[in-house]
Amino acid sequence: MANSDYILEMRDICKAFPGVQALDHAQLLLRPSCVHALMGENGAGKSTLMKCLFGIYQKDAGEIFLDGHPVNFNNPYEALQGGVSMVHQELNQVLEQNVMENIWLGRFPMKGIVVDERAMYRNTKEIFDNLHIDIDPKQKIGELSVSQRQMAEIAKAVSCGAKIIVLDEPTSSLTENEVSHLFRIVSDLRSRGCAIVYISHKMEEILQISDEVTIMRDGKSIATQPAAELTIDKIVSLMVGRDLSHRFPQKSSRCCEDILLEVRNIKGAYAPAVKDASFQLRQGEILGIAGLVGARRTELVETIFGLRTREQGEIYVEGKKVENRTPSQAIENGFALVTEERRQTGVFEDLPIIQNATVANLAKYTGRLGVLDNTAMVSDAKWVVENMKVKTPFLKTHMGSLSGGNQQKVILGRWLLTNSKILMLDEPTRGIDVVSKFEIYQLMIDLAQQGKGILFISSEMPELLGVTDRILVMSGGLVAGIVNTQETTQEEILSLAAKYL
Amino acid sequence: STYSPNDNPSSAAPEQSAPAEDSSTDDQTAEKPVIGVLVFDYSNNYCTYIRNAINYYAGEDVEIIMQDSQNDQAKQAEQVDTLLQRGVDALCVNLVEPESASTIIEKVKPTGKPLIFFNKCPSDEDMLSYDNAYYSGCSPYDGGVMQAEMCIDAVKANPAADKNGDGVINYVIIKGEPGHPDAELCTQANLDTLGAYSDGITFKNLDIQTANWRSDQAKDVMDAWIGRFGSEIEMVITNNDGMMLGGVEALKAAGWFGDDPQKQVLFIGHDAIPEAIPLIEDGTLYGCILQDAVNEGRATIVMAKNLCFGRPVEEDLGVELGAIKDFRSPFIKITKENTQTAVDIYNVALGN
Amino acid sequence: MKSISTTAVSWKKQSGSVSKFLLSNAIYFVLAAIFLVMVMINPGLLTLDNISFILSQASTRVIFALGIAGIIILGHTDLSLGRMIGLSGILVSSLLQNLDYPRRIFSSMPRLPLWLPILGAMLLSALIMILLGLVIAKIKVPSFIASLAFQLIVMGILSLYFDYVNDSSPIGGLDDGFKAFVQGGFMIGSVRLPFLVIYAAIVTAIIWFIWNKTKLGKNMYAIGGNPEAANVSGVKITKNLLLIFLIAGLLYGLGGSFEAARTGSASNSLGYGYELDAIAACVVGGVSMRGGVGTIPGVLAGVLIFQLVSYGLVFLGVNPYIQYLVKGLIILLAISIDTQKYVKRR
Amino acid sequence: MKSISTTAVSWKKQSGSVSKFLLSNAIYFVLAAIFLVMVMINPGLLTLDNISFILSQASTRVIFALGIAGIIILGHTDLSLGRMIGLSGILVSSLLQNLDYPRRIFSSMPRLPLWLPILGAMLLSALIMILLGLVIAKIKVPSFIASLAFQLIVMGILSLYFDYVNDSSPIGGLDDGFKAFVQGGFMIGSVRLPFLVIYAAIVTAIIWFIWNKTKLGKNMYAIGGNPEAANVSGVKITKNLLLIFLIAGLLYGLGGSFEAARTGSASNSLGYGYELDAIAACVVGGVSMRGGVGTIPGVLAGVLIFQLVSYGLVFLGVNPYIQYLVKGLIILLAISIDTQKYVKRR
Ligand SMILES: Nc1ncnc2c1ncn2[C@@H]1O[C@H](COP(=O)(O)OP(=O)(O)OP(=O)(O)O)[C@@H](O)[C@H]1O
Ligand SMILES: Nc1ncnc2c1ncn2[C@@H]1O[C@H](COP(=O)(O)OP(=O)(O)OP(=O)(O)O)[C@@H](O)[C@H]1O
Ligand SMILES: OC[C@H]1O[C@@H](O)[C@H](O)[C@@H](O)[C@H]1O
Ligand SMILES: [Mg+2]
Ligand SMILES: [Mg+2]
């Protein structure tokens, strides 16, 4: 069976979870010195396939050959020993430890029985220098930004000297700069003979970086083709099983006159804090928020939502001053916030979907005597699953067993149920497949058309330019400017973003 | 219909109300009578000796189910239910809290089965509320009085014990678990008796601290007293000998009981457990109060068996029962002169 | 709004394969198995009377186990439970003694209606639990250590009261009406149905309702599952936490009062160590100490397993030292089997 | 190639502002403050003798606190500690009695060298702890409940042994050499330097080395901080966990032996409840029950605070009931202050 053309062959891999056939005879054939993209909708089985390789899951059936030899890693330790390393979709780090300890975890350099801290520092420095990453190896990793942590993970995977490196959505929280930087690292690795499995939902990236593409759907491998022969449309139609003509929905020009939300000179109390931000959001408007990492976009919306302490400044909804000192106040005042860190602040892993969907909206189901209306809850949860196209066997399925993208959809649905006037979405399409992204854009536009106001934080320039009406650019905790989407360019936004550096 | 604890739940007493006749007659002879014994706390040294004595004197003609109430009165109440369900023929109960006697009596009374309390005495009223209730043991307050008397004897015998010669003996008490009747009553008796004494010498209590019957805690308490009072301490009293062991150890470790005349102390324990005997013999302890665990245990099981077999309750007891159908085993003062008494008693208690 | 759904999702009912069913109901089978084994050793155990005793013994435990279960589901723990039971027991006993009891504490006080001291104990416990909740929610002290401190503080308070009113001597002579109210029961034919079981059933029903049918219940699971996410979702963490602690306090007060009446006396050691039993029963019954997970039937089963084992081992006349061993092994077995349903198949 | 430095954010080094310094060393100030207040109440406390007592009392506690601290840093807990101490204490006491003690248990046995029974107790404890570790790591039983089961099992075993060899009567007459080895000390001028303090210092140094300098130590923090991250980084979780449990077992064995010699006798209640004190000391000393966080100086400070409070309250002659209260309040205060450094302000 084994074919020496391939450094890695995964054949007929099957893996079932309760109620889900996550992998159904999936195939992946990886050539040496090749970047192989793995694509598919949320829940197609990409991560599961890679976890079966890496020894996190045990496959139910199928065979894996590494360099022509059959292997079956029982745990990540064996996989790493066998020359496979992996950057995981969800950041998995020991927040209380410093960068270098995280990087060398599992393979500390030793001097006798003592961990050689100096060598660890030196080696880390060396890797970071090689990869042009500027992070202090002794800094606590929990203090870094998400993108820095992501880069540290990448550096770690790269430094293992593995023959095969799996990158599961490595760019989901990287800025454009960092992405192009990552690509240089990847090309470099390829030229050194590494094979790379690259999972991403960003179409442009795929065509830019990969040599071959395997497309998965419903746990099956649908096709493997050289990237050169593929176009975005072709990939999408293979992924979805039908054509998708546009990446962004059609926008009708809307009149946005009435001011829905006004924020005046707000300032956060604790670092990292918004220093001074004022803006207006009109009814039916989608206001994008752009900025570099550390621009405090997240802090801006969290401060408005009452998650962070506001030291100064006022918030007006339809001309009426609101306090928003706590999220529950904000929700009462008609706000909704889809947070950036889904796992930490969004998902209830051990609770069923039904509760994840309805948690922000319980007041609505509370009837006389404080009794909850179960039927209403079930039907709302069903609405979320059906409208958001959440891929799940049951309403009772625990949130933790959904794929990342599907979790995001449930959270979006949670906030749609509250019927808030003002939706603040912090990187809502992170980790979302191309079809679902389109659906989310469509949803945003529909909501705007109903007169809601939307704040849309994104690090992906195309989507900002594709769906917003105006874009607020933040820089160093300040508003660097607000531009009309129709009239602006990528360059203008980037230069605004650098204004207060 | 409802029932209340005073009523007789019909099914709880399916058989006889006079078990004695039954078991001594016909076909039941194959089955030995079963006697349930509830000990208030297996970790209590003293109770261990009673346990051993009960087993020793039980003989071959009865089956003993002995259980540990783990110092929890609620648990004990449940165990009474359980053992009654199990169909024991007599019940011996070492109460956790004497005040709970009525609850136990209410459970047993409807079955008519013999109930022998031991070690901790219920009130007269409770004792008289059930004809088939008996008691074997002594009263902690009396033990405390006797312990105080021993303290007075000790001082008389050792005038040098008043190290600073001021006519006042400074003493400390290491108390058992606060709230525990044995600790509270014994300590109270010590204080009452010593406080009232003024014949040429008086007693001054420096401090009372609890060590929950435990030697490790007693050691820590004694350490702190050594740090605080130093050689001011002229006498130490403990509520039991477990704590005595810890107290002695602390003093020894700090160089007491040696040649330094300032580092001497009269030490009086309670129970005279076997570990105390060598200490009495080598003069470390002046003495201990011994509650005769063996006699207590013996009387308990002898009464239980007599009642099971329908014999007069006092048969083989040696003495007549008191006004509340109680057997009192006297306290005995154990000092250097009569350690053998304690050794003999505990030899039985340890089944030797 | 335009629907964005294209392919419909098919809604299957959780189709339970046999093994899955067995696994997720393991705890009930364990309960049954323990009972069976014990009955095989001594068939005399299999009587309605025995069962009625086990149930009535389990009843007070169920009451406070349900209290602490809420706290555990919130992701916290409570080591003060035992002392709270003691406090309630002492308080109620001191206020509900027979008029003719020679050592009546408040000798000139008229006979109080039963509900008054019990309600008092419940409110006092609730108040203390709210203070504990505040320390946990506001000062952010980990509940383990905060409740350990409260364990000591409550012990101090109750002992001082105990010493003050009754010179540290066990409080006896409890009101006969009170004892009948707690220890009595119905006779249905020849079968005893203890009142306690009925009280426990009522409490269980109320708590079941709160956990499953009210916003507070849903919020409790959400907070325990992910407090940060709950906060973002507009759940008022402090308020909900305080409510759950308050409910626990009420249950402790009620359970403590019952416990005193059941025992017939109260001293300051009443309740000592009950927290470990209660927590263990919850955990064996599938309440996760990481928070967010737990069911009422699970808690009931956990408490019943503990009570059955205690009762059964005494019934079988097992040597108390060996009982420790057997009890430890049974807990280990029960939880090992129950745990398997959470162990992710990988 | 352009560097991707995070130009936007300026990463200031944790600027040691005074308040921050105070906060992150709060526990040491609390320790000092408690001591000061006590000295102000009774200046007699301020003698080298008192300090030497406190230190030597703290020494055995430090030994087992360091054992359990490792387990807590791993993200687990251990309720069996107290019984493990009891087991070791009983075992060693039964094997190390004076030849001329009339009630010597193994009366025909020659005098054993001191190290042999101590080593035996350490190995036995280590073995049991490895079993506990296996139950936790392999069967995935939550450590709270697994160790509670072990608490019962170990209690059963040690009581049966205690009953078998000495009829459940306290084991006394401990070998004088053994007691001198543990209770003795150097006199430096008029100041006592107890051996125990030296032993504790040696143990502390070894554990410090393991935690801070070895792979095992780093892995321990990583597993406690994020077990999944450790797993996907190729850390062998089970192996490391078992090693930490093994070390805890060795320390329990050593501490238990010392505790018996320090007390001069052993019964099956030796060590009862020590686990709560040890856990509380660790937590007060900044070891997080969520795992991943904790330092050696913190543990030392936590143990010292506990010992100081216990000693000081007895020294001041405080009524035992009030001691509960004061102890509870001090713990609450200490932990409340210490907690503030973790409370994230946003
Ligand atoms: N641990 C698990 N338990 C149960 N179901 C799981 C588990 N992990 C994955 N699944 C299910 O398996 C399917 C495949 O999930 P997987 O995470 O591999 O998708 P993916 O292709 O990586 O999606 P995404 O692009 O959203 O990351 C999904 O339906 C998911 O719900
Ligand atoms: N002065 C600072 N001190 C400490 N941390 C900081 C500081 N400034 C920013 N950070 C951290 O850097 C990270 C990125 O900052 P921030 O979230 O404000 O960026 P953003 O513009 O919202 O970017 P994103 O697109 O990632 O949301 C955050 O995790 C924040 O905690
Ligand atoms: O509870 C402990 C106490 O038990 C008593 O029965 C005994 O007389 C006391 O000396 C003490 O040991
Ligand atoms: Mg994935
Ligand atoms: Mg951000």
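A residue is called buried when its relative accessible area is under 20%, exposed when that area is over 50%, and partly exposed in between, using a 1.4 Å probe and protein chains only. The model is predicted: local features need pLDDT of at least 70, side-chain atom pairs count only at pLDDT 80 or more, and totals for chains, interfaces and linings use all residues. Residues are numbered from 1 along each chain as its sequence is written, chains are lettered from A and ligands numbered from 1 in the order in which they are written, and side-chain values use heavy atoms, with hydrogens and water left out.

**Stop 1: cysteines**

Select Cys34(A). Its relative accessible area is 4%, so Cys34(A) is buried.

**Stop 2: ligand 1**

Next, select ligand 1 and the residues near it, where near means that one heavy atom of the residue lies within 4 Å. The ligand is surrounded by 20 residues, and the closest are Gly43(A), Ser47(A), Thr48(A), Gln89(A) and Ser401(A).

Now display the polar contacts, which are pairs of N or O atoms within 3.5 Å; within protein, one atom must be able to donate a hydrogen and the other to accept it, and residues adjacent in sequence count only if both atoms are side-chain atoms. A side-chain N or O atom of Asn42(A) is 2.8 Å from an oxygen atom of ligand 1. Polar backbone atoms also approach oxygen atoms of the ligand: that of Gly43(A) at 2.8 Å and that of Gly45(A) at 2.9 Å. On its own, ligand 1 has 640 Å² of accessible area, of which the protein covers 91%; such areas come from the Shrake-Rupley method with a 1.4 Å probe, and for residues only the protein chains shown count as cover.

Strand S2 (20-30), helix H1 (46-54) and helix H15 (404-417) of chain A are the elements that give two or more residues to the shell around ligand 1. The largest share, three residues, comes from H1(A).

**Stop 3: ligand 3**

Move to chain B and select ligand 3. Among the residues that surround this ligand are Phe40(B), Tyr46(B), His180(B), Trp213(B) and Gln291(B). Taken alone, ligand 3 exposes 300 Å², and the protein buries 98% of that.

**Stop 4: two loops of chain B**

Select Ser100(B), in the loop between strand S4 (90-93) and H4 of chain B. Ser100(B) counts as buried because its relative accessibility is 0%. A polar atom of its side chain lies 2.9 Å from the backbone oxygen of Thr263(C).

Continue to Pro114(B), in the loop between helix H4 (101-108) and strand S5 (115-118) of chain B. At 2% relative accessibility, Pro114(B) is buried. The C-alpha atoms of Pro114(B) and Asp89(B) are 7.4 Å apart, although 25 residues separate the two along the chain.

**Stop 5: helices of chain C**

Select helix H12 (residues 274-284) of chain C. How many of its 11 residues are buried? The number is 10, including Tyr274(C), Glu275(C) and Val284(C). Just after H12(C), Gly286(C) takes a positive phi of about 95°.

Finally, select residues 53-74 and 241-258 of chain C, two of the spans that an unreviewed UniProt entry lists as "transmembrane region". Residues 53-74 are 95% helix and 0% strand, with end C-alpha atoms 32 Å apart. Residues 241-258 are 100% helix and 0% strand, with end C-alpha atoms 26 Å apart. UniProt positions follow the numbering used here, feature names are shortened, and annotations may be inferred rather than shown by experiment.

Technical notes. Helix = DSSP H or I, 4+ residues; strand = E, 2+ residues; numbered from the N terminus.
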